[in-house]
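Biologist: I am new to this structure and would like to go through its backbone with you. Could we look at it together?
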Amino acid sequence: MIDALRNSSAHVFVDSVQLPVLNDEDAHHLSRVLRLRDGEPVTCSDGQGSWVSCTWNSGEVEISGEVVVVEPMHPLLTVAIAPVKGDRTDLVIEKVVEIGIDHIIVLSPVERSVVRWASNKVPQVMDRYARIARAAAMQSRRVFLPTVSGPVSLTNVTGQGVAFA
C-alpha cells in the first residue's frame with residue numbers, strides 16, 4: 001500500500017480524500033508543469049494522515065483505491081528557525097519539512113537582525129512559508145501537513161510561552 005504513495009506520479013493535498021477535488025494551483029501544476037497523462041497514478045492526502053490512490057483523468061483525480069489512515073508519529077518534531085537574508089529561509093523550511101519536521105516556528109527578527117519585516121508584510125511572509133512547507137510535503141509524499149507558526153520571540157520559545165503542537 002505504501003508503494004502506491006511512493007510510486008505515484010504526483011502527491012497533492014485535498015480537503016477530503018473521500019471526494020478529492022484539486023485546487024486550481026494543483027490542477028495547473030499536474031496538467032501544465034508535470035504534464036500528467038490520463039491514467040497516471042496520483043495520491044491525495046487530507047494533510048491529517050489519510051490518503052488515497054487516484055488516477056489522473058481529464059484534468060481531475062478519480063479514486064482508484066482504498067482510503068488509508070496513518071497514525072501520527074510520536075513525538076511530533078518541532079524546530080525554531082531564525083529568518084536569514086535572501087531566500088535561505090525558504091530553503092531551510094523546504095529541507096526541514098523533507099526530513100520530517102512537523103512544526104516550524106519562525107523566530108521574530110531581533111534588533112540587530114539583517115532581516116526586517118514591515119508589520120504589514122508579516123502575513124504575506126508567513127503565507128509564503130506555509131506554501132513552501134506544503135509544496136515540500138507534497139514533494140516528499142508526506143500525509144501530514146506540517147504547520148508553520150510565528151513570528152515568535154526567542155524568549156517565548158525558550159520559556160514556557162509557546163505551546164508545541
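**Backbone geometry**

Modeller: R141 lies in the loop between α4 (122–139) and β8. Please keep in mind that this is a predicted model.

Biologist: Is R141 buried or exposed?

Modeller: R141 has 16% relative accessibility. The cut-off for buried is under 20%, so R141 counts as buried.

Biologist: Let me turn to R35. Where is R35 found?

Modeller: R35 sits in the loop between α2 (24–33) and β2 (41–45). R35 is not a glycine, yet its phi is positive, at about 55°.

Biologist: And is R35 buried or exposed?

Modeller: R35 counts as exposed, because its relative accessibility is 63% and the cut-off for exposed is over 50%.

Biologist: On to peptide bonds. Is the one from H74 to P75 cis or trans?

Modeller: The bond from H74 to P75 is cis, and its omega is near 0°. P75 belongs to the loop between β5 (68–69) and β6 (78–81).

Biologist: What about the bond that joins G150 and P151: cis or trans?

Modeller: The bond between G150 and P151 is cis, with omega about -5°. P151 is placed in strand β8, which covers residues 147–152.

Biologist: Which form do most peptide bonds take?

Modeller: Most peptide bonds are trans.

Notes. Residues are numbered from 1 along each chain as its sequence is written. This is a predicted model: local features need pLDDT of at least 70, side-chain atom pairs count only at pLDDT 80 or more; totals for chains, interfaces and linings use all residues. Side-chain values use heavy atoms; hydrogens and water are left out. Helices (H or I, at least four residues) and strands (E, at least two) are DSSP runs, numbered from the N terminus. Buried means under 20% relative accessible area, exposed over 50%, partly exposed in between (1.4 Å probe, protein chains only).
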